[in-house]
Amino acid sequence: MATKEHILIIGAGLCGSLLALRMAQLSYKVTLTEKRSDLRKAKLAAGRSINLALSNRGLKGLKMVGLEKEVESLCIPMYGRMLHSLQGETQLSKYSGREGEYINSISRTGLNALLLDKLETYPNVEIQFENTCTNVNLKQANARFKPANSNSEYTLQADYIIGTDGAGSVVRQQMEREKGFLFSRSQDFLTHGYKELTFPATKDGHYATEKGALHIWPRGENMLIALPNQDKSFTVTLFLAYEGGKYNFNNLTTEAIVEEYFKEVYPDAYELMPDLKTEFFENPTAPLGTIRCFPWTYGKTLLMGDASHAIVPFYGQGMNASFEDVVEFDKALAESDFDLDASFKHFSQHRKPDADAIADLALDNFHEMKSHTADEVFLEKRKLELEFEKEFPNEYHSKYSLVTFRADLPYTKAISQGRAQDLVIQEMLRKNILKAEMSLQEKLNLVREISTKAEDNELIFDI
């Protein structure tokens with residue numbers, strides 16, 4: 001490499017830590033800063049983790065830095081959605097009809113700690129915790145920091161700055177101030193928030209319910225989900241409106257009404273939550289939102305991960321998209337012969353459409369998960385798609401498979417193809433176009449033919 005510039009990365013969460021590791025491997029001098037304390041040593045506040053679903057796009061980033069084997073020990077495979085009815089009946093809807101395709105439940109803290117441990121083995125890396133960024137000079141590539149328990153500030157000078165400091169990014173806020181009306185930003189919150197709860201391990205040390213699935217209790221406007229942990233517990237997340245309806249976060253104000261709500265709406269889950277009333281009032285209620293902005297680069301500074309494109313968690317792609325950012329940036333570096341200015345610009349322009357696409361899909365999936373997963377046509381569509389994938393593994397991929405398992409496809413392509421297929425199959429099922437006497441191959445041929453037209457925005461149902 002001709003250049004070994006000093007890169008200041010602000011934000012040592014998952015994206016920042018993976019990025020710092022990759023830049024260190026490429027022989028850059030790296031300073032990684034974080035306003036919070038070292039998560040490997042600190043006692044973390046309960047109720048703010050949302051288990052992560054690690055899939056192929058995220059694994060691609062971990063493989064790039066050589067950590068795929070170490071990560072395996074942190075993962076619990078989840079093979080499908082386990083749907084729970086109001087009557088307590090369960091139905092497993094597999095994620096794929098192909099063998100070996102699944103997503104992984106993984107601890108945010110465990111994964112972040114692994115990345116930080118690996119980072120500390122590189123002599124060209126410095127990590128600073130408990131230092132809050134107060135100001136960023138985007139053009140001069142320096143930033144001011146205030147250490148915890150100190151009234152003084154200090155300045156860090158680098159050659160380039162990359163902001164990976166999350167949805168509340170200080171770097172993005174500074175970019176917005178300097179760019180003014182030339183900087184576009186939107187921040188859209190859902191009418192729903194989330195609260196984390198727990199299914200503890202059973203008294204004899206087992207999982208309280210099936211560990212190899214992502215559990216969903218779809219209830220129309222609200223829902224509960226649960227993901228397995230390595231200590232045999234489940235992290236349970238309630239997604240509930242702040243207001244409206246019989247029950248909402250604003251009126252669940254006493255232990256009695258919380259108990260009434262869960263007994264009425266999630267009776268089988270209630271039986272697995274002995275600490276419900278304590279956790280409900282001790283754990284915070286947090287908002288859910290989408291942040292978009294552009295440009296992602298200005299001066300000697302770049303935004304990446306949630307700082308540039310925070311999304312809601314309903315497609316399990318937040319971390320995976322951020323890790324894929326690092327992979328795409330690595331490609332931009334190689335293609336520009338490690339010209340950072342050119343890489344910043346190319347990465348931003350190339351990646352922005354994909355970030356917007358997955359943000360839109362995550363919002364769509366919120367409505368699908370809390371409602372449509374229990375819909376008869378939706379379930380019939382999933383059954384047919386699983387048959388396609390099992391019988392014709394190389395010829396058909398569902399929207400979920402395209403987004404989650406086809407890491408070779410950009411989000412934009414995966415989503416446009418997947419949406420067209422969804423539209424076509426559901427419409428064909430409603431209109432009984434896919435006749436029982438048709439072979440599976442005939443059904444697939446018709447779906448593929450019409451889906452291609454749908455993706456090209458042609459009129460599709462004059463058939």
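Guide: Let us begin with Lys399. Neighbours within four places in sequence set aside, Lys399 is in contact with Tyr315, Leu361, Glu368, Glu385, Gly418, Arg419, Gln421 and Asp422; contact means heavy atoms within 4.5 Å. This is a predicted model, in which local features need pLDDT of at least 70 and side-chain atom pairs count only at pLDDT 80 or more, while totals for chains, interfaces and linings use all residues. Residues are numbered from 1 along each chain as its sequence is written, and side-chain values use heavy atoms, with hydrogens and water left out.

Visitor: Where is Lys399 found, and does it count as buried or exposed?

Guide: Lys399 is found in helix α13, residues 399–404. Helices (H or I, at least four residues) and strands (E, at least two) are DSSP runs, numbered from the N terminus. Lys399 counts as buried because its relative accessibility is 9%. Buried means under 20% relative accessible area, exposed over 50%, and partly exposed in between, with a 1.4 Å probe and protein chains only.

Visitor: And Phe262, which residues is that one in contact with?

Guide: Phe262 is in helix α6, residues 255–265, and is buried with a relative accessible area of 0%. Leaving aside neighbours within four places in sequence, its contacts are Leu197, Leu224, Leu238, Pro267, Tyr270, Met273, Leu276 and Phe280. The C-alpha atoms of Phe262 and Met273 are separated by 9.8 Å, and the two residues are 11 apart along the chain.

Visitor: What about Asp356, in which helix is its place?

Guide: Asp356 belongs to helix α11, residues 340–370. It counts as partly exposed, because its relative accessibility is 22%. Asp356 and Thr412 are 56 residues apart along the chain, with their C-alpha atoms separated by 8.5 Å.

Visitor: Turning to the sheets, what is the order of the six strands in the open sheet?

Guide: The order is β8-β2-β1-β12-β19-β18, with mixed pairing. The edges are β8 (125–128) and β18 (297–298); each has a single partner strand, so one side of each is left without a neighbour in the sheet. Two strands pair if DSSP finds at least two bridges between them.

Visitor: How many bridges join β1 to β2?

Guide: Five bridges join β1 (residues 6–10) to β2 (residues 29–33), and the two strands run parallel. His6 stands opposite Lys29 in β2, and Ile10 stands opposite Thr33 in β2. Four of the five residues of β2 are buried, so that strand is mostly covered.

Visitor: In which sense do β9 and β10 pair?

Guide: Strand β9 (residues 131–137) and strand β10 (residues 142–147) pair in the antiparallel sense over six bridges. Asn135 stands opposite Arg144 in β10. The two strands form a hairpin with four residues between them, and Ala141 in the turn has a positive phi of about 60°.

Visitor: Which residues does the cis peptide bond join?

Guide: The cis bond joins Phe294 and Pro295, with omega about 5°. Pro295 is in the loop between β17 (286–294) and β18.

Visitor: Now the chain as a whole: how many helices and strands are there?

Guide: The protein chain has 15 helices and 19 strands. Its radius of gyration is 23 Å, which agrees with the value near 23 Å for a compact globule of 463 residues. That radius is taken over C-alpha atoms, and the globule rule is 2.2 Å times the number of residues to the power 0.38. The C-alpha trace spans about 70 × 55 × 45 Å along its principal axes.

Visitor: What share of the residues is buried?

Guide: Buried residues make up 54% of the 463 in the protein chain. Among contacts between residues at least 6 apart in sequence, 70% join residues at least 24 apart.
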